[in-house]
Amino acid sequence: ILTRRLERERRARKAAEEIAENKSRELYLKGQALGDALAAETAARAETQALLSALETFASKRDPVEILEHLRSFITEAVPCATMEVEDETAPDAAMSLEVDPRLFGAGNVVIRRTKTTPPPRGAPALIKALVRQAGLALDNAQLFRQVEKLSVTDALTGLYNRRYLDEQGGRLVALAARHGKALSVLMIDLDHFKTVNDTHGHAVGDRVLIETAAILHSIARRTDLCARFGGEEICVVLPESGDSGAVALAERF
C-alpha cells in the first residue's frame, strides 16, 4: 500500500512539473512574442518619426546640395551601419542600391554602403527608399521654385534680367560700390531705327533682333555684370568694379 501511494505521489509530482514546465515555456514564448511586438512597434514609431522629421525638413529646403546633405544625415541616423553616396553607376559591393530618377540627383544612383559587418535593420531598405522619395520630391520642388524665381526676374524674350530685377539689384550694387569706394559703371544701349525694323519686316524679325542682341551681350559680358532689358529696345548693363576704361572696352566690343 505504501509503495502504491509513493508511486501515485511521484506520478502526480511529475505531472505537476510537466504542467509547470509547459506553462513556463508558454509564458516564455508569449513574452518573446510580446518583446518582438514591442520592438517592432518601437521601430515603426521611430521610422514614422524619421519620415515626419524628414518631410518637415525637406519641405523648407530649396538648395539641392542642402537637401542631399539632410538626406545623408537622415539615412545614417536611421541606419547607423550605412553611408550614402551618389555615384554614376551602382557599385557592385554596395549593400543596398536604390534605382532613382537620375534627374533628382544630377547623375546616377543613390548607393547605400555598409560600413560595418552588422546587417542593416529589417525595415532599413523600405525606410531608405521612403526617405529618398521624399528627398526626390523636395528636389523637384526646389527645381520648380528656381524656375519660377528665374521667370519672375527674367525677360521672357531676351533672357536678360527684367526691369524689376534691375531696379532691385542695380540699387544694391550702387550702394555697395559707394560703401566700399569701388568703381562702378553703367552702359545704356539703344538700338537705332528699331521701329523701322518692326514696321518694315514685322515684329517677329524685331524680336529676333532683340534675341540676337542679348546673345551677343551675354557672350562678352562678365558673369558679375548685370545685363537687363530696360524697356523696348533699350538695354542696361551694370558693371561692378569697372571704371571708364572697362566700360568703354565692353561697349566697343559689343
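**Entry 1: contacts along the chain**

I note here that the model is predicted.

Next I looked up the secondary structure. The chain has 8 helices and 6 strands. Reading along the sequence, I wrote down the order α-α-β-β-α-β-α-α-β-α-α-β-β-α.

Then I checked burial and surface. The protein chain has 254 residues, and 30% of them count as buried. Its accessible surface is about 16700 Å². Carbon and sulfur atoms hold 55% of that surface.

**Entry 2: the largest nonpolar core**

Which residues have the most contacts inside the largest nonpolar core? I found Phe-58, Ile-67, Leu-71 and Leu-131, in a core of 15 residues. The elements giving two or more residues to this core are α1, α2 (64–78) and α4. Helix α4 gives the most, with 8 residues.

Beyond its neighbours within four places in sequence, Ile-67 contacts Phe-58, Lys-61, Ala-135, Ala-138, Leu-139 and Ala-142.

There is also a second, separate core, of 12 residues. Among its members are Leu-160, Cys-227, Ile-235 and Leu-239.

**Entry 3: Ala-54**

Ala-54 sits in α1, which covers residues 2–59. Is Ala-54 buried or exposed? Its relative accessibility is 0%, so Ala-54 counts as buried.

What does Ala-54 touch, not counting residues up to four places away in sequence? I listed Phe-74, Leu-131 and Gln-134. Phe-74 is 20 residues from Ala-54 along the chain, and their C-alpha atoms are 7.1 Å apart.

**Entry 4: Thr-154**

Now a loop residue. Thr-154 lies between α4 (124–153) and α5 (163–180). I looked up its accessibility and found 17%. Buried means under 20%, so Thr-154 counts as buried.

I then took its contacts, leaving aside neighbours within four places in sequence. Thr-154 is in contact with Gly-159, Leu-160, Tyr-161 and Asn-162. Leu-160 is one of the residues in the second core.

**Entry 5: rings**

I searched for aromatic pairs. The count is 1. The rings belong to Tyr-161 and Tyr-165, with centres 4.1 Å apart and planes at 20°. Why is this pair called stacked? Planes under 30 degrees apart count as stacked, and these planes are at 20°, so the pair qualifies.

I compared the accessibility of the two tyrosines. Tyr-161 is partly exposed, at 32%. Tyr-165 is buried, at 19%.

I also looked for a charge over a ring. The charged end of Arg-163 sits over the ring of Phe-230. The distance to the ring centre is 3.9 Å.

**Entry 6: cysteines**

How many disulfides does the structure hold? I found 0. A disulfide is a covalent bond between the sulfur atoms of two cysteines.

I wanted the reason, so I checked Cys-227. Its closest cysteine sulfur belongs to Cys-236 and is 9.0 Å away, too far for a bond. The cut-off for a disulfide is 2.5 Å.

I started again from Cys-236. Its closest cysteine sulfur is in Cys-227, at 9.0 Å, again too far for a bond.

I looked up burial too. Cys-227 counts as buried, at 5% relative accessibility. Cys-236 is also buried, with a relative accessible area of 5%.

**Entry 7: positive phi**

Last, I turned to the backbone. Most residues other than glycine have a negative phi.

His-193 has a phi near 55°. Where does His-193 lie? His-193 is in the loop between β4 (184–190) and α6 (194–201). At 65% relative accessibility, His-193 is exposed.

Glu-241 has a phi near 55° too. Glu-241 lies in the loop between β6 (234–240) and α8 (244–253). Its relative accessibility is 58%, so I marked Glu-241 as exposed.

Notes
Residues numbered from 1 in each chain as written. Predicted model: local features only at pLDDT ≥ 70, side-chain atom pairs only at ≥ 80, totals over all residues. Heavy atoms only, no water. Buried < 20%, exposed > 50% of the residue type's maximum accessible area, 1.4 Å probe, protein only. Helix = DSSP H or I, 4+ residues; strand = E, 2+ residues; numbered from the N terminus. Contact = heavy atoms within 4.5 Å. Core = buried A, V, L, I, M, F, W, Y, C linked by side-chain atoms within 4.5 Å. Phe/Tyr/Trp six-rings, centres within 6.5 Å; stacked < 30°, edge-to-face > 60°. Lys NZ or Arg CZ within 6 Å of the ring centre and 35° of its normal. Areas by Shrake-Rupley, 256 points an atom, 1.4 Å probe, with all protein chains shown as cover.
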